[in-house]
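Visitor: I am new to this structure and would like to learn how to read its features one by one. Could you take me through them slowly?

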Amino acid sequence: MKPIFKHLFNFVVLFSLSFSALGKVELLTGYVRAMPASVPNSAAYLSLKNLGEATDLVSVKTDAAKEAQLHRLIDDNGMIKMRQADKFALPEKGQLTLLETGNHIMLIGLNQPLEVGNTVDLVLLFDNGESLPVTLPIKKQHSAVAAHSHH
């Protein structure tokens, strides 16, 4: 009986270690912006915490839109423009924050209107092979950003 418990204990320890090694990136907060039904695109904003080695967010998958792209805002001679990005760095033991006023995830070609109170499922893919499924609530545009955009 003792050898059985020893093997069972070893299995549980190894399983726990391998499970914790996979979960190195955690979602801290996030949401998807609600848009009028006539608008075909939206954006997702979130904060991630990395508990492990440095990695890059390289793509996003979702069934809510035809395509999800990483986007960054750039200043081009005083004009703020949006450009597709190849990746966003997530430093070792650090954070990545995607904001309405900066880097974000574009949801292009929405499959249906996004209504406040519903959720959107995304799968975040990293260059280290890790993936992180997240469910984000749909919310209205942040009031501070909305107020700023009118000035």
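Visitor: Is Asp-76 buried, partly exposed or exposed?

Guide: The general idea is a scale of relative accessible area, on which buried means under 20%, exposed over 50% and partly exposed in between, using a 1.4 Å probe and protein chains only. In this predicted model, Asp-76 has a relative accessible area of 29%, so Asp-76 is partly exposed. Residues are numbered from 1 along each chain as its sequence is written; local features need pLDDT of at least 70, side-chain atom pairs count only at pLDDT 80 or more, and totals for chains, interfaces and linings use all residues. Side-chain values use heavy atoms, with hydrogens and water left out.

Visitor: With which residue does Asp-76 form a salt bridge?

Guide: A salt bridge is a side-chain nitrogen of Lys or Arg within 4 Å of a carboxyl oxygen of Asp or Glu. Here the partner of Asp-76 is Lys-81, with the closest N and O atoms 2.9 Å apart, and Lys-81 is partly exposed at 28% relative accessibility.

Visitor: How many salt bridges does the structure hold?

Guide: The structure holds three. One of them joins Glu-100 to Arg-33, whose closest N and O atoms are 3.7 Å apart. Glu-100 lies in the loop between strand 7 (95-98) and strand 8 (104-110), while Arg-33 belongs to strand 1 (residues 25-33), so this pair ties together parts that are 67 residues apart in sequence; strands here are DSSP runs of E, at least two residues long, numbered from the N terminus. Glu-100 counts as buried at 12% relative accessibility, and Arg-33 counts as buried at 18%.

Visitor: Which side chain meets Lys-87 in a salt bridge?

Guide: That side chain belongs to Asp-56, at 3.6 Å from N to O. Lys-87 lies in the loop between strand 5 and strand 6 (88-90) and Asp-56 in strand 3 (residues 55-61), so the pair ties together parts 31 residues apart in sequence. Lys-87 counts as partly exposed at 43% relative accessibility, whereas Asp-56 is buried, with a relative accessible area of 15%.

Visitor: How many residues does the largest nonpolar core have?

Guide: In soluble globular proteins, nonpolar side chains tend to be buried together. A nonpolar core is a set of buried Ala, Val, Leu, Ile, Met, Phe, Trp, Tyr and Cys residues joined through side-chain atoms within 4.5 Å. The largest one here has 29 residues, and those with the most contacts inside it are Leu-48, Ile-105, Leu-107 and Leu-124.

Conventions
Helices (H or I, at least four residues) and strands (E, at least two) are DSSP runs, numbered from the N terminus.
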